[in-house]
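Open the model in your viewer and keep the selection panel at hand.

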Amino acid sequence: MNSSQGEGGSAAANPGFAHDPHFDTGVESIKNNIRHHLLSFQGRDPDRSGAEDIYLALAYTMRDIMVEKWIETQKTYYQKEQKRVYYLSLEFLIGRSLGNAMSNLGILKDVEQAVIELGYDLEEIRSKEEDAALGNGGLGRLAACFMDSIATLKIPAYGYGIRYEFGLFHQKLIDGYQVETPDNWERYGTPWEFERRLPVFPVKFYGRVSTYEDENGNYRSDWVDTNEVLAIACDLMVPGYMNDHVINMRLWTARASRELDLSSFSRGDYLGAVHSKVSSETISKVLYPPDHNFAGQELRLRQQYFFVAATLQDIMRRYTKKHDNFDRFTELVAVQLNDTHPSIAIPELMRILLDEQGLRWEKAWKITVDTFAYTNHTLMPEALERWSVDLMGHVLPRHLEIIYEINQRFLDQVARKYPHDTNKLRAMSIIEEGTPKMVRMAHLAIVGSHSVNGVAELHTQLLKDRIFNDFHLFYPGRFNSKTNGITPRRWLLDCNPELASLISEKIGEGWITDLTQLRGIEKYIDDEIFCSRWEEIKLNNKKRLAQYILEQTGIDVDATAMFDIQVKRIHEYKRQFLNALHVVYLYHKIIREPDAEIAPRVVIFAGKAAPTYWRAKRIIKLITSIGTIVNNDPRVGDKLKVVFLPNYNVSQAEIVMPAADLSEQISTAGTEASGTGNMKFSLNGALTIGTLDGANIEILEEVGEENIFIFGMTADQVNYERVESSVTPRQIMERNEDIRHIVERIANGSFSKGDKSLFEPLIDSLLSNHDPYLLMLDLESYIDCQNRVNKAFLDKKGWERKSILNVARMGKFSTDRTIKQYAEEIWGIPV
């Protein structure tokens with residue numbers, strides 16, 4: 001197979017711009033290509049086409065431009081034989097691609113003019129694109145931001161994952177309850193991908209292990225009697241910013257090795273005839289199947305191994321084109337594991353090197369450790385993935401054998417360092433003893449990687465001091481910090497064009513690829529014209545969001561009010577419940593003290609709860625119930641509104657982030673690994689109210705304590721309270737009348753039509769001495785901090801000054817900086 005077949009398939013045959021690598025991307029050329037795609041790809045009359053037709057034609061046009069640049073990029077990789085990075089992630093929360101493509105290709109203005117001349121509105125056209133919801137939250141969005149920065153920095157790299165047919169569910173709110181419906185984002189196909197006929201890789205499951213001696217007397221294993229699924233490659237182009245460099249994400253689709261069992265069909269067993277096909281293709285059907293039962297757990301494990309096995313075969317295909325041994329493998333290959341989901345790649349690479357390539361264990365293990373690096377994304381023990389030994393042995397019997405061998409050799413090393421310390425062996429073992437026995441995938445990832453990084457300074461310190469202290473002491477220097485970031489192309493240039501234009505007018509466009517240059521706007525902080533435009537742009541963004549809220553929820557909000565926003569996955573540790581408690585406090589304060597100087601406020605929530613996470617779903621119901629009461633109370637009017645936006649996704653975030661005045665980052669200290677929503681809000685001029693958790697600490701260090709609102713306990717104080725409990729929730733309620741009133745109003749059914757049982761589980765948890773997220777212990781501090789926010793917002797000039805300084809001092813939080821650190825400090829690639 002030659003390189004063009006393996007990487008590009010039949011891409012070059014695509015009509016359009018793909019005739020000349022130096023094609024014209026001017027207005028007339030864009031118009032001609034739109035007409036061409038309307039006719040040849042869609043069979044539509046250009047004079048009678050709608051906005052959706054134009055969107056598809058424009059997307060194909062962008063794809064034509066990108067694929068030419070991608071082919072040239074791939075050629076340089078082969079010519080220079082550069083080290084390549086393979087970024088493995090079970091999630092890529094891409095969102096929409098059209099706006100990002102136009103901006104990064106540097107042709108947004110020409111496209112806008114071309115579309116106008118064809119009689120259409122670009123914003124309407126952009127709205128026709130479905131979000132590619134191939135991720136759940138921060139993990140997947142970070143991966144997508146990383147791809148943008150990797151392309152912009154011209155790092156030879158690929159993203160690998162799964163092309164889910166159904167993304168994260170579509171969320172509806174019915175009577176205030178979350179209701180999930182399928183998110184069939186590809187129901188009409190997508191213009192952004194190339195499905196490749198080659199390469200196609202078989203992926204094995206189940207079966208048994210056969211052992212034998214080879215001709216040299218060496219012990220060998222053969223994985224036999226397996227079921228096979230075919231992995232089909234789908235490539236999505238990712239353009240760097242105005243640099244002619246385009247990389248790709250390769251997402252795998254599962255296909256059955258047999259479409260139809262003719263023997264079953266002949267017997268009249270029509271369902272049985274397609275059973276194998278349905279079972280096989282379920283692997284790439286749904287993002288995160290529920291794993292509360294054995295079938296769901298088995299599917300999750302199969303998904304993880306499926307994309308890892310296909311990816312490693314692809315890596316081997318590229319490497320073995322020019323190399324017949326593995327002496328240079330780690331010079332040319334770096335694999336980054338985005339959390340524990342892809343960590344089954346470690347025993348898979350060992351299997352390939354041992355069983356297929358015939359390497360001895362010691363050499364294979366050195367290659368494996370030097371190849372892999374692992375990013376940890378969580379401090380929550382329950383989120384550190386574990387699989388039962390029985391399940392692993394059933395689905396991947398050879399891998400279980402290899403894991404046991406890795407573990408034995410590792411524990412032998414531990415025993416030599418800590419003789420007679422059985423507790424240490426038990427704590428560090430990859431296999432967790434018990435009923436049932438479990439495989440600790442995070443332990444496997446640490447042992448099998450040369451680098452383990454956290455995603456913020458606090459997160460990394462907690463990994464070293466608490467979660468994986470034994471491993472940190474055993475592998476000095478292996479743990480390191482790489483604070484997360486966001487791409488300024490999507491999260492300022494594209495989603496907030498007015499603000500981006502104002503900044504560029506004053507300091508030039510260098511900030512787009514060097515975010516530290518934003519410091520240059522500080523000198524305009526006393527410039528009345530600049531500040532007036534800053535205020536006008538924020539108001540315009542808020543009006544846009546207000547209109548969106550009206551369309552989505554029917555709630556009419558005042559755009560001049562403070563927009564107090566918390567948008568993220570609904571989880572107890574993120575403490576949307578704490579925010580709701582403050583809303584109740586504010587509601588009662590407005591009623592009790594109608595003449596109090598309270599800034600009008602719109603409190604906006606958005607986010608999805610996992611379908612089986614009933615407590616998180618009950619928090620959504622509480623928020624919507626509070627909103628129903630508050631929004632319809634004539635005593636309140638426009639002083640307070642409560643909004644829950646349904647179906648939070650990347651496109652919604654691009655409307656929400658630029659409009660925020662206040663960003664709620666209020667997780668229990670020591671629970672959020674980093675957070676990136678905090679960065680997106682600050683980059684768009686919002687002020688943060690938050691705990692000393694995750695990247696909030698580093699934002700505080702950058703923007704200055706006078707430009708952020710910090711409350712609550714530190715991670716050390718949280719740890720102490722969980723053990724010693726200096727005060728109980730009920731004691732807090734008894735000594736603080738405001739807090740007692742909040743709790744009583746929820747408990748007595750004031751927000752549930754008199755139904756005291758509806759929110760009883762939430763109140764019981766709130767008042768429990770064993771609440772792991774310590775809401776009551778932070779509530780007093782949170783209310784006091786919100787009162788400071790209220791006072792600050794009433795000082796319009798002072799607030800605006802803080803807003804400007806937040807944007808100016810966000811230079812650290814670009815994924816360009818993060819990726820440079822990964823490249824130079826982990827992957828060994830100079831940038």
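Show the surface first. This is a predicted model, and the accessible surface of the protein comes to about 32200 Å². Carbon and sulfur atoms account for 48% of that area.

Now color the charges. The protein carries 97 positive and 116 negative charges. Their mean positions lie 1 Å apart.

Switch to cartoon. You will see 35 helices and 24 strands. The radius of gyration is 28 Å, close to the 28 Å that the globule rule gives for 831 residues, so the protein is as compact as a globular protein of that length. Along the principal axes, the C-alpha atoms fill a box of roughly 90 × 75 × 60 Å.

Next, look at contacts. Take those between residues at least 6 apart in sequence: 76% of them join residues at least 24 apart.

Hide the surface and go inside. Of the 831 residues, 61% count as buried.

Select Phe205, Phe306, Met392 and Trp827. These residues have the most contacts inside the largest nonpolar core, which has 189 residues. Then select residues 294–320. This is helix 11, which gives the most to this core: 12 residues.

Zoom in on Phe306. What does Phe306 touch, leaving out residues up to four places away in sequence? Its partners include Ile162, Val203 and Phe205.

Last stop: select Ala561, Ala659, Ala686 and Val807. They belong to a second, separate core of 61 residues.

Terms used: Residues are numbered from 1 along each chain as its sequence is written. This is a predicted model: local features need pLDDT of at least 70, side-chain atom pairs count only at pLDDT 80 or more; totals for chains, interfaces and linings use all residues. Side-chain values use heavy atoms; hydrogens and water are left out. Helices (H or I, at least four residues) and strands (E, at least two) are DSSP runs, numbered from the N terminus. The radius of gyration is taken over C-alpha atoms; the globule rule is 2.2 Å times the number of residues to the power 0.38. Buried means under 20% relative accessible area, exposed over 50%, partly exposed in between (1.4 Å probe, protein chains only). Contact means heavy atoms within 4.5 Å. Accessible areas come from the Shrake-Rupley method with a 1.4 Å probe; for residues, only the protein chains shown count as cover. Lys and Arg count as positive and Asp and Glu as negative; His and the chain ends are not counted. The place of a charge is taken as NZ of Lys, CZ of Arg, CG of Asp or CD of Glu. A nonpolar core is a set of buried Ala, Val, Leu, Ile, Met, Phe, Trp, Tyr and Cys residues joined through side-chain atoms within 4.5 Å.
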